[in-house]
Amino acid sequence: MRSGNEPATARSALRLRFWLSLWGLIWAAFGTTVFSLVGRPGWAAACGVLFLIVLVDLAVVLRHLHQGAHWQPGRSVPPYEPDRGGTGR
């Protein structure tokens, strides 16, 4: 069901983001290790930075998952009401 206010009330698929972040974390750690062993410090640094970015994203996702239904509503929670363009009174 489209309500017309999806950008303002979009819900993130947090469980999917969790698994994708975990996958990225594993690959970034693997890349950092392999490039360090092969002697490519530039690529190792790039993978290390990517590792840190993915780690922060994973922490945010876990925090939102632990906050409960406001961030990850279940099937029983209906979509947000559409914005009718009023002043909110």
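Is Trp 23 buried or exposed? In this predicted model, where local features need pLDDT of at least 70, side-chain atom pairs count only at pLDDT 80 or more, and totals for chains, interfaces and linings use all residues, Trp 23 turns out to be exposed, with a relative accessible area of 54%. Here buried means under 20% relative accessible area, exposed over 50%, and partly exposed in between (1.4 Å probe, protein chains only). Residues are numbered from 1 along each chain as its sequence is written, and side-chain values use heavy atoms, with hydrogens and water left out.

The protein chain has three helices and zero strands, and its elements run α-α-α from the N terminus on. Helices (H or I, at least four residues) and strands (E, at least two) are DSSP runs, numbered from the N terminus. Of the 89 residues in the protein chain, 18% count as buried. The chain exposes about 7,100 Å², and carbon and sulfur atoms supply 67% of that area; accessible areas come from the Shrake-Rupley method with a 1.4 Å probe, and for residues only the protein chains shown count as cover. With contact defined as heavy atoms within 4.5 Å, 69% of the contacts between residues at least 6 apart in sequence join residues at least 24 apart.

The largest nonpolar core consists of six residues, namely Leu 14, Phe 18, Leu 25, Val 54, Leu 58 and Val 61. Helix H2 (14-38) and helix H3 (41-67) each supply at least two residues of this core. Such a core is a set of buried Ala, Val, Leu, Ile, Met, Phe, Trp, Tyr and Cys residues joined through side-chain atoms within 4.5 Å. Leaving aside residues up to four places away in sequence, Val 54 touches Ser 21, Gly 24 and Leu 25. Ser 21 lies in helix H2 and counts as buried, at 5% relative accessibility.

A pair of aromatic rings is described by the distance of the centres and the angle of the planes. Rings of Phe, Tyr and Trp (its six-membered ring) pair if their centres lie within 6.5 Å; planes under 30 degrees apart count as stacked, over 60 as edge-to-face and the rest as tilted. A search of the whole structure finds four aromatic pairs. One of them joins Trp 23 and Trp 27 edge-to-face, at 5.9 Å centre to centre and 70 degrees between the planes. These two residues lie four apart in helix H2, about one turn of the helix. Trp 27 is partly exposed, with a relative accessible area of 46%. The ring centres of Trp 27 and Phe 30 are 5.5 Å apart and the planes stand at 90 degrees, so this pair is edge-to-face as well. Trp 27 and Phe 30 are three residues apart in helix H2, again about one helical turn, and Phe 30 counts as partly exposed at 48% relative accessibility. Trp 23, Trp 27 and Phe 30 form one aromatic cluster.
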